[in-house]
Amino acid sequence: MSEQWLLRVEQLEKHFGPGCPVCRQLTGPTTGRSRCPRCGTVWACVDVNLQLHAGEVLGIVGESGSGKSTLLQMIYLALRPDSGHIWYRESDGQLRDLTTLNRYEARLFQNTHLGIVYQRPELGLNMRFSVGGNVAEKLLLAEWRHFGRIRVRTSELMNKTELLPERIDDEPTTFSGGMLQRVQIARALASHPTILLLDEVTSGLDVSVQARVLDLLRRIQWTDRITMLLVSHDLGVVRQLARRTIVMKNGHIVEAGLTDQILEDPQHPYTQLLVSSAL
Amino acid sequence: MNYLLEVKNLYKSFTLHLIDGRTITPVCDVSFSVAAGEHLLIHGRSGMGKTSILKCIYRTYVPTSGTIWFQSHQFGRIDLSRADERIIIDLREREIGFCSQFLRVLPRVSALDTICEPLYRQGLDRTAAQEIGREWLRRLGIAAELWQASPMTFSGGEQQRINLGRAFIARPRLLLLDEPTASLDETTKQVVINMIRAAQREGTAIISVSHDLTGLGVYADRQWTFPSR
Amino acid sequence: MTELTDQLYHFALLDEDAQREIRRKLLKAVAIPGHLVPFASRDMPIARGWGTGGLQITLSLITPEDTLKVIDQGDDESVNAVNLRRLITRTTGVATTTDTTAATIIQTRHRIPEEPMRADQILVLQVPMADPLRWVEPNIERATIMHSEADYGKMWVYMYESIVRAGDLRIASQYPVIVNRRYMMDTTPIPRWDVPKLHMAETLYLFGAGREKRIYAVPPYTAVEPLQFEDYPFRTEYRPGQRCARCGAENTFLTSHFVADAHGGRWETTCSDVSYCTKRCAATETTA
């Protein structure tokens, strides 16, 4: 068992809107609402606590609007939380609260420690650059300054993600959906991130393509022991990849546990509904 | 006697929130122990909660009350019903194996890779893992031309063998087998029984749930009839 | 002339508020080398795009004791340089020169003079396009965020793709550089030839973009590194064996122009820095 947590989220909170005195009572899983009916404020994440351990895959499930993508964006440092902490344990054991980083520090941390794969490739890739350029960007940000070596590393990453290195200079628009997800994965892995964030990566793909992408992620996890945070509304995807799973509803975590336990012995009424509604 | 696993006064009830919060209790005050190298066979009428016991030990189900003491290599004597999830994950990887009745795998992944999965998880490199994987496929009598095909295209019997292989390949100290010989023909059943006995000789404790009293039951060290209510 | 300035204009044309605003922004620009500082660009008696940014900086810095040199395309006598010089001298009465070594303030477009500049001199550059990220990010707001986060990956990919497509770093002017290991800056509009002169220079370089309302600076002794790859290094326009047809200099930035003669005319390659070239010619004549 690997020692300590790598990332620890403490009482993280994010809302969109002005807020009012009764907001909290009128939203949350018991009310079945995220949006306050009085002032219209959306409470995307409320009192979210979780720990991510080195080398594990943690699943986050919940229906659309449950706050799981907002949570992921905050951990990716792309969205600033209203309150709470995101602690990260550096390789030297030092703890850093990522919510206190300024823009510049946050971007640097993002470039060196985090990788992300989005459901929609346009969000993760620059469609005007070549596929190789998109992967190389991460290397360039990590101060790789030798064109030849960048090309070699980019080809390696394409091989690893089962893309043909011959297509390094092709435009992303000539790639299929499953291939674009693999380009995103190659790009995310380029700078050896410690945490890979996956936001509905297989949603919208054909079932067989979905299986290939999942198998790729699984093998990367086995060989590189990379820590992953997997957001999905598809319980099957989470079952295949994540050992532990968190269930979110209306901005709150309603249940957390071993993935098979969540799926076969769900405790919370909402989780029981979610599991029983799965195909 | 030094037991590998001791189940004491185990209860498991389910609260069905979707059906008026009704509670059902399939496992009621169950106690038993298993020593290293021992094979305990649990049998009884279907739907009585035999599988629930296995799932409680594996922590797929959260036990409602009672204790499940396990003598772990890494963590010493611990109560599986209350142990930290991280410890459970680690035990599942290295010490406790579970074989369900159904093979649940990713489509398009070859039989060889499927059976090697537990080894990949342990961090074994691909070639070494596949060496072991091929050996197991051979023992299980899976024809070599099927090794690169997906088990999802296999017959029920072949799928079950792959499923068993996945449980055995990691050499756990405790193996939980749910109906291991169902849907197998006589020859294959014998292969599986031999595998179980070989594992026992290596000191693996086995708890199986089965109706197969004439086949598997003959070889079990102890049989325990699950009480029907 | 001085009477005219006393009566009709504030010294150096711009009113006191405008000069103070620009001086403050200049101080900020010097304090954050390479950072684009927005400023309230005034309407000038010349059209935007004709050097109003540089002109406003010069008019905010100039004192009656200064000696001014104005060049355009390396030439003191080009129309734009003449007009700007006339405007500045008529509103300030300062002395002018064409000799780089004699000037205290040099306003220029397109070139840094060939003769090395000193610590007591200021070079003011007129800038057409201030932000190098314009090439990869047309949205100014997003480009500003990219600068604040030093998120220059896109620009580096642009360089990478330039090699992929053209086989080399094909950028003629506006070569992007990193200033003080932090901000990415456009060296617009100087040619690559002059880029190395910015690195660890003795002189203060000020850049003004009037139309884009931005001021930025490279203070003395600041590291200015062009974007380059180890295996595809930055290169100036220098060609081995190049030579000025007029003064014979072998290490200057050259331009070609058409010279008409009795036989119809020919192309001649001479120094782009005309005053330097003339100075060299005069020196050769006196020694000869």
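Colleague: Before we start, what counts as buried here?

Modeller: Buried means under 20% relative accessible area. Keep in mind that this is a predicted model.

Colleague: Fine. Which residues of α6(A) are buried?

Modeller: The buried ones are A:Phe147, A:Ile150, A:Arg151, A:Arg153, A:Thr154, A:Leu157 and A:Met158.

Colleague: What do they pack against?

Modeller: Within chain A, the buried residues of α6(A) pack against α5 (131-141) and α7 (177-189). They also pack against α6 (153-166) of chain C.

Colleague: How does the span of helix α6 of chain A compare with what it should be?

Modeller: The helix covers residues 147-160, which is 14 residues. At 1.5 Å a residue it should span 20 Å, and its end C-alpha atoms are 20 Å apart, so the two agree.

Colleague: And what happens just after α6(A)?

Modeller: A:Glu162 sits there with a positive phi of about 60°.

Colleague: You mentioned chain C. How much area do chain C and chain A bury between them?

Modeller: About 2000 Å², with 60% of it on carbon and sulfur atoms. Chain C puts 21 residues into the contact and chain A puts in 22 residues.

Colleague: How many salt bridges cross that interface?

Modeller: The rule finds four between chain C and chain A. One of them pairs A:Arg103 with C:Glu149, whose closest N and O atoms are 2.7 Å apart. There are also 12 residue pairs in polar contact between chain C and chain A, both residues at pLDDT 80 or more.

Colleague: Which elements of chain C supply the side that touches chain A?

Modeller: α5 (140-148) and α6 of chain C each supply at least two residues. α6(C) gives the most, with eight residues. By class, that side of chain C has 11 nonpolar, three polar and seven charged residues.

Colleague: Switching over. Which pair of chains has the most contacts?

Modeller: Chains A and B, among the two pairs that touch. Chain B and chain C have no contact, and their closest C-alpha atoms lie 34 Å apart.

Colleague: OK, numbers for chain B and chain A. How much is buried?

Modeller: About 2900 Å² between them, 53% of it on carbon and sulfur atoms. In chain B, the residues that lose the most area to chain A are B:Arg86, B:Leu106 and B:Arg121, together 25% of what that side buries. The contact takes 34 residues from chain B and 30 residues from chain A.

Colleague: How many salt bridges there?

Modeller: Seven across the interface of chain B and chain A. A:Arg218 with B:Glu117 is one, and the closest N and O atoms are 3.0 Å apart.

Colleague: Which elements of chain B are involved?

Modeller: β1 (5-16), α1, α2 (85-94) and α3 (111-122) of chain B give two or more residues each to the side that touches chain A. α2(B) gives the most, with eight residues. By class, that side of chain B has 15 nonpolar, six polar and 13 charged residues.

Colleague: Last one: B:Ser52. Buried or exposed?

Modeller: B:Ser52 is buried, because its relative accessible area is 9% and the cut-off is under 20%. B:Ser52 belongs to helix α1 (residues 50-58) of chain B.

Colleague: What does B:Ser52 touch?

Modeller: B:Pro26, B:Val27 and B:Tyr61, not counting residues up to four places away in sequence.

Key:
Residues are numbered from 1 along each chain as its sequence is written. Chains are lettered from A and ligands numbered from 1 in the order in which they are written. This is a predicted model: local features need pLDDT of at least 70, side-chain atom pairs count only at pLDDT 80 or more; totals for chains, interfaces and linings use all residues. Side-chain values use heavy atoms; hydrogens and water are left out. Helices (H or I, at least four residues) and strands (E, at least two) are DSSP runs, numbered from the N terminus. The expected span of a helix is 1.5 Å times one less than its number of residues. Buried means under 20% relative accessible area, exposed over 50%, partly exposed in between (1.4 Å probe, protein chains only). Contact means heavy atoms within 4.5 Å. Buried area is the accessible area (1.4 Å probe) that two parts lose on being put together, summed over both. A salt bridge is a side-chain nitrogen of Lys or Arg within 4 Å of a carboxyl oxygen of Asp or Glu. A polar contact is a pair of N or O atoms within 3.5 Å; within protein, one must be able to donate a hydrogen and the other to accept it, and residues adjacent in sequence count only if both atoms are side-chain atoms. Ala, Val, Leu, Ile, Met, Phe, Trp, Tyr, Cys and Pro count as nonpolar, Asp, Glu, Lys and Arg as charged, and the others, Gly among them, as polar.
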